Amino acid sequence: MKNVFDKYWEGITENAEKEIIHRMKMIIDDAQVIIDHIEQGKKFEEPTKCADNVWTHLSNIEIAVDLTSTESSTWKKFTR
């Protein structure tokens, strides 16, 4: 049974697929830092282990989901 995304994925190039996977990994990475920060009882304005504050990570996620931006293509993971 086909889902709504099958039409999109048909014919997608290998490079585009790798780019989408990279973007998703960067989103997950930023989200994990946010989750860890909140679970430690810290406020959004407090520095995270990787940035000035949670808002920076939210901004990173916004950039990564913007398919017109190539900024996230050079990013590396914070977490391991």
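**Entry 1: helix H3**

I began with the buried residues of H3 and found Val 54, His 57, Asn 60, Ile 61, Ile 63 and Ala 64. Buried here means under 20% relative accessible area, exposed means over 50%, and partly exposed is in between, with a 1.4 Å probe and protein chains only. The helix labels come from DSSP runs, numbered from the N terminus: helices are H or I with at least four residues, strands are E with at least two.

Residues are numbered from 1 along each chain as its sequence is written, and side-chain values use heavy atoms, with hydrogens and water left out.

What do the buried residues of H3 pack against? I looked, and they pack against helix H2, residues 14-39. Contact means heavy atoms within 4.5 Å.

Next I checked the length of H3. The helix has 12 residues (54-65), which should span 16 Å at 1.5 Å a residue, and its end C-alpha atoms are 17 Å apart, so the two agree. The expected span is 1.5 Å times one less than the number of residues.

I also looked at how H3 starts. Asn 53 caps the N-terminal end, with a side-chain oxygen 3.0 Å from the backbone nitrogen of Trp 55.

**Entry 2: helix H2**

H2 has 26 residues and reaches 37 Å from its first C-alpha to its last, close to the expected 38 Å. Its buried residues are Arg 23, Met 26, Ile 27, Asp 29, Asp 30, Val 33, Ile 34 and His 37. Just after H2, I spotted Gly 41 with a positive phi of about 80 degrees.

**Entry 3: salt bridges**

How many salt bridges does the structure hold? I got three. The rule is a side-chain nitrogen of Lys or Arg within 4 Å of a carboxyl oxygen of Asp or Glu.

- Lys 18 pairs with Glu 14, and their closest N and O atoms are 3.3 Å apart. The two are four residues apart in H2, which means about one helical turn between them. Glu 14 is exposed, at 57% relative accessible area.
- Glu 19 pairs with Arg 23, with the closest N and O atoms 2.7 Å apart. Both sit in H2, four residues apart, again about one turn. Glu 19 is partly exposed at 35%, whereas Arg 23 is buried at 4%.
- Lys 49 pairs with Asp 36, with the closest N and O atoms 4.0 Å apart. Lys 49 lies in the loop between H2 and H3 and Asp 36 in H2, so this pair ties together parts that are 13 residues apart in sequence. Lys 49 is exposed at 61%, and Asp 36 is partly exposed at 22%.

I wanted a reason for the four-residue spacing inside a helix. An α-helix has 3.6 residues a turn, so residues three or four places apart point the same way.

**Entry 4: the loop between H2 and H3**

I looked up Cys 50, which is in this loop. Buried or exposed, or in between? Cys 50 is partly exposed, with a relative accessible area of 29%. Leaving aside neighbours within four places in sequence, Cys 50 is in contact with Val 33, His 57 and Phe 78. Cys 50 and Val 33 are 17 residues apart in sequence, and their C-alpha atoms are 7.8 Å apart in space.

Lys 42 is in the loop too, and counts as partly exposed at 35%. Its side chain makes a polar contact with the side chain of Gln 40, at 3.2 Å. A polar contact is a pair of N or O atoms within 3.5 Å; within protein, one must be able to donate a hydrogen and the other to accept it, and residues adjacent in sequence count only if both atoms are side-chain atoms.

**Entry 5: the whole protein**

I counted three helices and zero strands. Buried residues make up 26% of the 80 residues.

Where is confidence lowest? That would be helix H1 (residues 6-9), at a mean pLDDT of 64, while H3 is highest at 96. pLDDT is the predictor's confidence in each residue, from 0 to 100. The protein's mean is 88, and 85% of its residues reach 70 or more. Where pLDDT is low, the predicted coordinates should not be read in detail.
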